[in-house]
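This report covers helix packing and then the surroundings of the ligand.

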Amino acid sequence: MATITKPASAPEIKQTQCFIGGEWVPAASGKTFETINPATEEVITTVAEGDAKDVDLAVKAAREAFDSGPWRKMDARDRGRLMHKLADLIEDDIDELARLETLDNGKPIREARHGDLPLVVDCLRYYAGWADKIHGQTIPVRGNYFCYTKREPVGVVGQIIPWNFPMLMAAWKWGPALAAGCTIVMKPAEQTPLTCLRMARLAQKAGIPDGVINVVPGYGPTAGASIVKHPGVDKVAFTGEYKTAQIIMKDASQTLKRLTFELGGKSPNIIFADSDLDAAAAGTHMGLYLNQGQCCCAGSRVFVEEKVHDKLIDKLAAMNKSRKVGDPFDPNTEQGAQVDKAQFDKIMSYVEAGKKAGAKCVTGGKRVGDKGYFIEPTLFDDVQDDMSIATDEIFGPVLSVLKFKDVDEVIQRGNNTFFGLAAAVWTSDVTKAHRLADELRAGTVWVNCYDVFDTAAPFGGFKMSGIGRELGEKGLEAYTENKTVTMSLG
Ligand code: ADP
């Protein structure tokens, strides 16, 4: 592993406080928490630890900006223009923002710079284009009435995001909310608050009115839960673990908030003998190890048709052995550090469980180095459906390979999970591809590709992988209420 170097030009840490009503303020309690560089285990800085009091102030600011501010009432095209301006400012700062993301999250700089950040800009621009295209219908009702529908912003939205793609998750949530004319109280993940705070500064610079975007860093059970319970919040959008979503659903029941959830997965990635095996192996490798395996849609259950099993294992093992793990700031690094010690320990405990259950550890299984949360790309073969490495979301660089013989069997086994976020099929038989795309119970099915995202294409989960969709026009719907107006024509 390369020794950890400081980034060529260290990103400046400018924003570490709560952003409420356009002001940077310390937490009311005066408390702060540390954010750690997962590649070195060193403290980067301390950040305001918001809780109920700060959330209350942020909701008041968002409420005022929604109820009496200019945002909701301004010409929709002007709202779009401000969003474009924010996208431009992010693009101007793209190198610095990528470095900040890598510092706080541990992901390779080349992914932050050429993956996450361009998608952030694209998402904001895409939704900026929607701002003036949100409209209702005229409805031909019985009788002498004129009936039309309007789509109005849902109001103040609470947005709680995870640490795996910190800026991108913020953009996925801000984009549709801003386009619809909502105002926002966001809580970034406690592991990675820095880029979201920087984005808030850029939003202010872009001219987005004070109070429209508020950011309260802090912990889930305090700051997060306060957003969910606050009667001034109309909707909560959450991305994270399904177990947290269960708590949020309970907490939100008192005020009957609108909820959208984007949760975890244990996505089946199905490889048939008639596929282009090199492409399938490369897509499988990327589909699991991307972002250190910390993707909700990671293809973590790889079903391979028996006939090509040995060949596939050889290809996957070879790619793992040459994968460059180490200093996230080295432009050649392909795999950086897991986000924190808790995740590192959880992943390692699954590796141990896999070995104990009798799966064959073909590559990896160990820590890399003795500083920073680096884990070898790990490949398990001979995995059985009921082993924990085949049933649980690990959220790390651990891939499980399972064998299958025929189509019906693999559809049944692929669907045999309470998750339903994504699935993939590799085959040259178009009939088989369509059949699987039809039968797999997942919000996204990739055919002969993996992790192909586009802001225009909706994303979300079946079953316990989520409620509602993000991205595309579908993602916008979650931020609007429908109003029906019926007028007597005399
Ligand atoms: P992960 O294990 O990936 O960190 P979590 O679901 O725990 O996933 O966290 C995702 C986000 O949800 C984080 O911002 C976290 O602080 C927040 N969170 C955790 N617990 C709660 C809760 N009880 N209420 C609201 N938000 C929470």
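Helix α3 (residues 94–105) packs against helix α6 (residues 194–206) at an angle of about 155 degrees, and their axes are 9 Å apart. Because of that angle, α3 is roughly antiparallel to α6 (over 145 degrees counts as roughly antiparallel). On the α3 side the contact is made by E96, L97, L100, E101 and D104, and on the α6 side by L194, T195, R198 and L202; contact means heavy atoms within 4.5 Å. The residues of this contact divide into four nonpolar, one polar and four charged.

This is a predicted model, in which local features need pLDDT of at least 70 and side-chain atom pairs count only at pLDDT 80 or more, while totals for chains, interfaces and linings use all residues. Residues are numbered from 1 along each chain as its sequence is written, and side-chain values use heavy atoms, with hydrogens and water left out.

G80, M83, H84, L86, A87, D88, I90 and E91 of α2 meet L117, V120, V121, L124, R125, Y127, A128 and G129 of α4. The residues of the contact of α2 with α4 divide into ten nonpolar, three polar and three charged.

The ligand is surrounded by 18 residues, the closest being I161, K187, E190, E241 and T244 (near means a heavy atom within 4 Å). The residues of this shell divide into nine nonpolar, six polar and three charged. At least two shell residues come from each of α7 (220–229), β10 (235–239) and α8 (242–253).

Polar contacts, pairs of N or O atoms within 3.5 Å, are listed below.

| Residue | Polar atom of the residue | Distance to an oxygen atom of the ligand |
|---|---|---|
| I161 | backbone | 2.8 Å |
| W163 | side chain | 3.0 Å |
| T244 | side chain | 2.7 Å |

Taken alone, the ligand exposes 550 Å², and the protein buries 89% of that; accessible areas come from the Shrake-Rupley method with a 1.4 Å probe.

Terms used
Polar contact = N/O pair within 3.5 Å; in protein donor to acceptor, adjacent residues only side chain to side chain. Helix = DSSP H or I, 4+ residues; strand = E, 2+ residues; numbered from the N terminus. Nonpolar A, V, L, I, M, F, W, Y, C, P; charged D, E, K, R; others polar. Axes fitted to C-alpha atoms, helices over the stretch in contact; angles between N-to-C directions. Parallel < 35°, antiparallel > 145°, perpendicular 65-115°, else oblique.
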